[in-house]
Amino acid sequence: MDKTKLKSFSLSNYLKIPQVQDYLTKEQKWNIRVVGSVLPFKVNEYVVNELINWEQVPDDPIFTLTFPQKGMLKPDDFKRISNALYKGIQKEELNLLVHNIRMELNPHPAGQVAHNVPEIDGLAVSGLQHKYRETLLFFPSHGQTCHAYCTFCFRWPQFVGDHNLKFALSETNTLHRYIRHHKEITDILITGGDPMIMATQRLKSYIEPLLSVQFSHLQTIRIGTKALGYWPYRFTTDPDANELLKLFDKVVAAGKHLSIMAHFSHYRELQTPAVKEAIQRIRNTGAEIRTQSPVMRHINDDAKIWLKMWKTQVKLGCIPYYMFIARDTGAQHFFSIPLVQAQEIFKKAYQSVSGIARTVRGPSMSTDPGKIQILGTTKIRDDKVFVLRFLQGRNPEWVQQPFFARFDPAAIWFDDLKPAFGKSKFFFEEDETDLLSNFMAS
Ligand SMILES: *Cc1c(COP(=O)(O)O)cnc(C)c1O
Ligand code: SF4
């Protein structure tokens, strides 16, 4: 494998992967084609050669993380696409069928497109999202793809070519102007897709200006990335890897906190020599690495996996940050586990690590009103309840207030929960309209 050249595979050439030919049955190969027509599919040589244990396929967690599986489509949808492909229907007809199925997979959970998009001079700025007062999300237009795709990705619509579903921004100016005018912003989170897909030069053009005195209110620059998991050579042997690390040096030297928000779903992603070297090189710049992942059936729905993952991360100098719940989009039916089980997994793993790894928070649901953590279950008088709280809220006053939902062993997402004690609304729903309009006006 050539470490200096990223070679990736998708629906058009996956049959050329030697392991696909050696280890997969005819049916499995067909399933990839069917499901990959609806959900995004891309892997690369590093994932194929160094992360997936092909002896364990199809149960291998990294295989499930990156290769489409039959169960990711609902049986009816699978049958419709499979029949259509088998019959070789016209391209337009197939596209329409695929489009209709995608529209039923809730492509924009938590109102991502309609809400939270800020304005400058009354014009909506499409590559920014400003939902939580302190933190601005920035989606650079060239960072809206990844080195490989996760089969559970909630950003899947932007990878499958539905261009009107994308939200991206090309103007560096707009970004900088927005931050200059919003002194309440202390954090920018550059995200995607994966911003680390961009050339260092481009990343520099966004980041370097932020180091000047006009942006002294900006304290933290975060970069959300899966590159450590899917292409650690981005930080080691890529042609502009050294230049990238120099940029990190510069950010730190300017007195900003630089945090790489690294997405790892399984400890195996932390075991290769390449990822260890990449982590070391990033840490040497003075940047921190914080880690996050959703908890997913078939991939990491086991406390032992999280325990080992957090321990390995801490050993390598990373800071565990978030455990998320599978969002209500795409193949959620395949990946989701009951909230109660997610909390059990979190609790068990958390109980077995030292305080150094207890920086992690979760399990958390990213909902329209905010990030809601499941603290646990308990009984209050005769009512069994979930204890919840906001880790992050559209209204900052909601944060850290415990609240209760009726216990439901089957609930997999916040929408499944009802307020406890026979109430009709959660506390933040009662005053939502008033508070929201105040917040937006402020
Ligand atoms: C998670 C998230 C952030 C960052 O929140 P922190 O609690 O500061 O990590 C910012 N914006 C959005 C929309 C988010 O979902
Ligand atoms: S790396 Fe992140 S954005 Fe990219 S496919 Fe995976 S979950 Fe989605």
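**Backbone geometry and a helix pair in the predicted model**

N106 sits in the loop between α6 (91-103) and β3 (119-120). Helices (H or I, at least four residues) and strands (E, at least two) are DSSP runs, numbered from the N terminus. The model is predicted: local features need pLDDT of at least 70, side-chain atom pairs count only at pLDDT 80 or more, and totals for chains, interfaces and linings use all residues. Residues are numbered from 1 along each chain as its sequence is written, chains are lettered from A and ligands numbered from 1 in the order in which they are written, and side-chain values use heavy atoms, without hydrogens and water.

N106 is not a glycine, yet its phi is positive, at about 50 degrees. Its relative accessible area is 31%, so N106 is partly exposed (buried is under 20%, exposed over 50%, partly exposed in between; 1.4 Å probe, protein chains only). R381, also other than glycine, has a positive phi near 50 degrees. R381 lies in the loop between β13 (370-380) and β14 (383-393). At 81% relative accessibility, R381 is exposed.

A cis peptide bond links G362 to P363, with omega about -10 degrees. P363 belongs to strand β12 (residues 361-366).

Helices α2 (residues 26-36) and α5 (residues 75-87) have axes that come within 9 Å and cross at roughly 105 degrees. Helix α2 is therefore roughly perpendicular to α5 (65 to 115 degrees; under 35 is roughly parallel, over 145 roughly antiparallel, the rest oblique). Axes are lines fitted to C-alpha atoms, for helices over the stretch in contact, and angles run from 0 to 180 degrees between N-to-C directions. W30, N31, R33, V34 and V35 in α2 contact F78, I81, S82, L85 and Y86 in α5 (heavy atoms within 4.5 Å).
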